[in-house]
Amino acid sequence: MRIDHRPLRCLAALLLATSLAGTAEAQQRPPQPRAAPQRTPPPPPAIRREAPPPPAVAAPEPPPPPRERRLAIGELGFATGAAFGAEERDILLPLPRSVAGMRARLSLDLDLVAPFPARHAVEVRANGRLLDARAFPEGATRLAFDLPVPVEDLGREVDALRLTLRLVEPGGPAAGTATARPGSHLALLIPDGVVPSVEAMLRLMPARVMVLTRPGALPPAEAAAALRIALALSATGREARIAAAAAPEPARGADGARLWETGAVVVGASAQAAAVAELAGLPVLVIGGEDPEGAARLLEGPWRAAAGGAALATAGAQMPPEAAGALPFSALRGSLAPQEAARAAWSLDLSTRDLPPGTRPEAVQVELNGPPGTERAIASVLLNEVLLGSAALPPDGRLRIGFPVPERLVGLDNRISVLLHRPAAGPPAQLLPGSAIRLGPAPPPAEFLGLPPAMAEGFELLVDAPGGVLAAEALNLPLWLLRALAPAGAPITVTPVEPGTAPRPGRAFLAATREAPAGSAPRLRLDAGRIELTDRRGERLMQVDAGSPLLAAQLLQAEGRPGIWVRSPDGRNLPFLPPAAAPRLDRGDIALLDRQGVALAWATGRPALVAVAYPEARAETSPLLAWRPWVVGVLWLCGVGLVVYAFRRPRREWPG
């Protein structure tokens, strides 16, 4: 059977045509977007909140180095060092009270002298406790090392650290001698920001101190306060200077420590009587208030121990009264501890600056308690190495003796010695509280050493001040002179004087002026040109002229008031800067001073040991010499009149 395929072919052709027509239409029209299927949108992703990065923390700054006060043994009287050997050597290092956080370090620099080579070592103890033992290197004679001092040892004893040094050898007692150099020191480390008390500040003050005042004209009250506190610091062995300057900067040590080498006292910058502040990174003592001189005076006396805070008020404070009839041994400088040796000795120091006003030593009274039954025991009393007397100890051991004091035996500084000689060592012997110096009224001062008791009730400082402007630096010369004469705690009054005007003191005085005080009669003339000083044999001792670098100090009576007048030969300039050591004005009533202290001193009231001559002075043998200018003027006028008369009336010769 045959199949017809024509209908199928027609259908395929129709489908092909339709397909081609649709393709052409699609090429002519832009394609229509296809509708997206409707779907549920997915939930938004969760937002992750990350923690912010931690802020950058700066590295903490290191704390500032502590302030370091080096207390050298050279400041404590060991100017050439402290020698020790097999016997222990104790050194008391003063400490301030209650300084929070204070630490200490001991630095020793030692020299060794030994008769033969050996292994030597040094034991170091603080308040009796062994700190360390260091050996000298073999064959070496120098040893230097540092030791930290435990904090508990800084407060074990009151106000001081007892340093004990001893030289030892392995085989027995040391035969050599070691010496701690003057630079060996105790370094006190004070934390930054710690303000010490007023009392601690006075103990911590370095060996060199600047007393600072306001620039320009200095009020007399502040000048008196600066002079008083400078005298108080000088009495403790410090070198004090007065200036109108800025506070000193701290020095830097090898490890960056701030070295407190120069102390500072600021006068007149506080409403409080005394306070501690901080300037240039270092503590300073500030004195002010309504009565700055009174505040400085109280800090020099027994009230200083009460200044345990950072400030001190002086309202109603008074100095304790002093006994006028006797000065007990307990008020003198020295030890009264009992002694057991066969030769018991007590040495006490007395200065005329320690005497009550208007008194002098008349007798020494000693009360001694020895063991009962001691035989052949002799007690002796000496003044300045001169025997006043001696007596045997009675069987009951109680002895009371007294000896008069010759006036010529007393000096400015004196030493009283009490000796007890026994056959052998025995029970302790002791000076009893009744031991004292009997006092009597003092005559008017005839020598420099008699001036301190006259100044004890207060004295006046008279200083040249051009135009009434008193400069701080003008106080350094009086400070230098008063260090050996001014009694502790004596009130001071400062009076400016116009140059060329004779001052009029109102009490005992020191006058640093061009003109002598009114009502006085200086025995050494400084306005008569060159001065020649010779001894009894006529040999020249010294020659003084206007250019000599000297100062002349004379003891005077100005309208019944004793005092010293000091002036340079030219009367204008200070010939030298005052040195650190105070001059020793002791015997005599006239002294010539130079850079070394007293160059020459003599007394004019006794047989003359020094003759004074004025070669350039003209002898006034006639009272008419005082009227010489008027006489010459009158004679000159008479001569001129005669010449005029001769010309007006010439002489004529008569003929023949």
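Ground rules, quickly. Residues are numbered from 1 along each chain as its sequence is written, and side-chain values use heavy atoms, with hydrogens and water left out. Because this is a predicted model, local features need pLDDT of at least 70 and side-chain atom pairs count only at pLDDT 80 or more, while totals for chains, interfaces and linings use all residues.

Overview first. The protein has seven helices and 39 strands. Those are DSSP runs, numbered from the N terminus: helices are H or I with at least four residues, strands are E with at least two. Of the 656 residues, 42% count as buried, meaning under 20% relative accessible area with a 1.4 Å probe, protein chains only. The accessible surface is about 36000 Å², and carbon and sulfur atoms hold 57% of that. Areas come from the Shrake-Rupley method with a 1.4 Å probe. Now contacts, that is, heavy atoms within 4.5 Å. Take those between residues at least 6 apart in sequence: 74% join residues at least 24 apart.

Pairing here requires at least two DSSP bridges between two strands. Look for Phe509: Gly563 of strand 36 stands opposite.

Strand 33 (residues 531-534) joins strand 39 through three bridges. Thr534 stands opposite Ala611 in strand 39.

Now helix 3, residues 220-235. Axes are lines fitted to C-alpha atoms, for helices over the stretch in contact, and angles run from 0 to 180 degrees between N-to-C directions.

What does helix 3 pack with at about 10°? Helix 4, residues 292-300, with the axes 7 Å apart. That angle makes the two helices roughly parallel, a label for angles under 35 degrees. Contact residues include Ala221, Ala224 and Ile229 of helix 3, and Pro292, Ala296 and Leu299 of helix 4. By class, the contact has nine nonpolar, no polar and four charged residues. Nonpolar means Ala, Val, Leu, Ile, Met, Phe, Trp, Tyr, Cys and Pro; charged means Asp, Glu, Lys and Arg; the others, Gly among them, are polar.

How values were computed. Buried < 20%, exposed > 50% of the residue type's maximum accessible area, 1.4 Å probe, protein only. Parallel < 35°, antiparallel > 145°, perpendicular 65-115°, else oblique.
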